[in-house]
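Please study the sequence and the structure shown here before working through each solution.

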2 protein chains.
Amino acid sequence: MVLKSQVLLCREKMRMTGSRHRVVIVGGGFGGINVTRALTGADADVTVVDRTNHHLFQPLLYQVAAGILPEGLIAPALRNVIRKQANARTLLASVEDLDVPGRIVSAVAPDGRPLALPYDTLVVASGAADAYFGHEEWAEFAPGLKTLEDARHLRSHILSAFEMAELAATPAEQAQYLTFVVIGAGPTGVELVGQLAELAHQVLPRDYRSAVPAEAKILLVEAGPAVLSAFHPKLQRYTQRRLEEMGVDVRLNTAAIAMSHDSITVRGPEREEQIPARTKIWAAGVQASPLAGILAEVTGAGTDRAGRIAVLPDCSLPGHPEIFAVGDMISLNQLPGVAQPAIQQGKYVGKLIRARLRDTAAAKPFRYRDKGNMATIGHLSAVTDSSGLRFTGVIGYTMWGFVHVLYLIDWGNRIATMYTWARALTFTKNRAHRVITFEQARYELGQHSGEGKIPGGL
Amino acid sequence: MVLKSQVLLCREKMRMTGSRHRVVIVGGGFGGINVTRALTGADADVTVVDRTNHHLFQPLLYQVAAGILPEGLIAPALRNVIRKQANARTLLASVEDLDVPGRIVSAVAPDGRPLALPYDTLVVASGAADAYFGHEEWAEFAPGLKTLEDARHLRSHILSAFEMAELAATPAEQAQYLTFVVIGAGPTGVELVGQLAELAHQVLPRDYRSAVPAEAKILLVEAGPAVLSAFHPKLQRYTQRRLEEMGVDVRLNTAAIAMSHDSITVRGPEREEQIPARTKIWAAGVQASPLAGILAEVTGAGTDRAGRIAVLPDCSLPGHPEIFAVGDMISLNQLPGVAQPAIQQGKYVGKLIRARLRDTAAAKPFRYRDKGNMATIGHLSAVTDSSGLRFTGVIGYTMWGFVHVLYLIDWGNRIATMYTWARALTFTKNRAHRVITFEQARYELGQHSGEGKIPGGL
């Protein structure tokens, strides 16, 4: 419910004049931040609302989960990112509802205060969350890796499992702790199993007195016939071979069919198998943010199976030229849920809003420029596939590193990231960022029920 | 309760032979890690038990709370710290009881499993926690800064307060959010108010559109007649003047007498005052770990007002030459609760155990070598006081930085810390490590009751 007094309060607080065009952007990810930046100097007041205080560089999130990078390097404060953009501001709040006829975004601040943000133009860029295809109960057993909280939980979970494996009373219990199953062999799944294999077989054995970590089993379960389905078959075969050399058990044409606290059941081409495993990680699918559903209902736009909304070719909503949606929550051209479509759509929509503010010509439809695919596998090994040029191994790895560092925000973070990689991945093979506490470990080793959620993930 | 089967299990799991001397060290802080290192190559099996997986470099904890350093740089994994020491191992567990006659340490693993660790020599180095001098209810309103969890909470709390200040409905509410009160003007209190002043007056104003952060009030409340009571009066006066120049309201001869969720009442030389303030930080006193009380009861050793145990001059317990205690939990020579006594006692006890194992001469009593005091105040400003040589300003700051980097573990962490300081403190004045999520902010802004604790602090 939107309170009128709250609307006025908010206007005053934001020091917005009634006369200036107000753009509200929901989400400070790749989509939202690129809309914002494209509006630099535009004659509009821009407000970015996000549930966190940072812009998350999701492609390197698995490195936080693996203890390689500290969070700060891939999550600069949104306020800091837009500090030089005088017409933009940011708000830490959770958007709960959209009042499309009234042109008001309803949010709630962390202290419970309701906020009403009136807009002239709205950009919804609230991304996607993990989808369990009708098995929502699996979320408890096999968390995904979309947010920094997810990465914190995953890191605690993995490190706690290794800590406990040494104390296991029976070989069966030890096997539970030392079996890691990743479901889904897209880039996230491949990068995660690669890091798990390095942790178990390269990094941790140096720190443990017993043979325990090296005994870890790492499984990559994929329902389709190949890893990295979006990549060229040559790269798929290379990736699978490299992973197997690193000790990863790659199971293709295999689906998860059941899960519990300490096991997972998979159905392969030949048989069903129940695998004892405390750690299951979901990298098999996403669904659009619930705001896509709200927009679809109000505007009559369709949604696909993943809940992604069908926007018009200019990323606006049917009948509502003042509302745009970008990134993982839209189904335009069936683009993959990676950074590039969100970045390009964000820039496009930002330019389109600028053009409208100047009353210049109608925009051309959004056109995606495919910059290719990349994924790391492990130590000095990655695959890249761009405009038919394909690289593997050290060359692929160098290209991957170069591109990812370049897309980080702030030169300070770029240099720190390169230093951290040189240290963690090339020279010492240490993982410097792997702090856990007793309480974190206790939470991760529990049944995740009756103990209360850990807000913030750590 | 100690289960016999668990004892045997534990021996077997630890791959300890019954014949080798077993040293159990409780706590992996400055005391514990220095005992461990001094036992390198000794004919003994060394087990370090800690509630976390890391060795915390506490003197830089305030920099984690202030968003300057990522946790990993000051908290390397204990396993990694001792990786080259073949006779030492570490366990993530919470020590619950000491069976002195039976020579067994009772602990519990994070998964709830009871652990019984038999020892021939025991070193208890479990430090100290915040003491509220009969006002334990203040712990809820004014948390301290002893652990990484504390630093995580404090960082979230401070950043959330600034986030909410912009949204405050009334000037009174805004003042609550923007008033930060630190109780206790020892090094930790001084360093904290210095960082709060820099955040509010230097760092955040660049990131905010409004004048809000600069309006912050930062108070340092000290019951005694001077800041930094252990320092030379010249340095005390310098520190107070510098803090006041930085906008800190220093209140001497002033004690906290009441607290609530959103205010603190202090009694100064002239009057009592209730100050609206959401953020209160406790840096006014500590009490020894509860294990000091258990040891005192069993061995008949005395404890002082802070619960610190009176050990013999060689750090052993009366009547129990096989038990040592070191660091903040002992009252030997009334040394201050800083790193140096713990480091030096740890080294001393490690050497003493080695000498005993070789049956060499009885040890001389522990003798503390005073290396002086240091504290940072703020940007390029610190005070150092060593053997009558006193420095302030940039020279003091450089010496402070040099000494602290030198004491960090691992060259990789030293380089990364120097880089981070150059970036955060000298050039950009940014704080790169300030990630918060909606859930963290919501927790910190709540009444800290009825919402459950956040295990792990984030």
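The model is a predicted one, in which local features need pLDDT of at least 70 and side-chain atom pairs count only at pLDDT 80 or more, while totals for chains, interfaces and linings use all residues. Residues are numbered from 1 along each chain as its sequence is written, chains are lettered from A and ligands numbered from 1 in the order in which they are written, and side-chain values use heavy atoms, with hydrogens and water left out.

**Exercise 1. Describe the salt bridges of R20(A) and R22(A).**

Step 1. A salt bridge requires a side-chain nitrogen of Lys or Arg within 4 Å of a carboxyl oxygen of Asp or Glu. The structure holds 40 of them over all chains.

Step 2. R20(A) pairs with D43(A) at 3.1 Å, N to O. These two residues are 23 residues apart and link distant parts of the chain. R20(A) is partly exposed at 28%, whereas D43(A) is exposed at 53%.

Step 3. R22(A) forms a salt bridge with D120(A), also at 3.1 Å, N to O. Because R22(A) lies in strand 1 and D120(A) in the loop between strand 6 (114–118) and strand 7 (121–124) of chain A, the pair ties together parts 98 residues apart in sequence. R22(A) is buried, at 10%.

**Exercise 2. Examine contacts between the chains.**

Step 1. R79(A) and E163(B) form a salt bridge of 3.0 Å, N to O. R79(A) lies in helix 5 of chain A and E163(B) in helix 7 of chain B, so the pair joins two chains. Both residues are buried.

Step 2. The side chain of T437(B) makes a polar contact of 2.8 Å with that of E149(A). Such a contact is a pair of N or O atoms within 3.5 Å, one able to donate a hydrogen and the other to accept it; residues adjacent in sequence count only if both atoms are side-chain atoms. T437(B) is buried, at 1% relative accessibility.

Note on methods: Buried < 20%, exposed > 50% of the residue type's maximum accessible area, 1.4 Å probe, protein only. Helix = DSSP H or I, 4+ residues; strand = E, 2+ residues; numbered from the N terminus.
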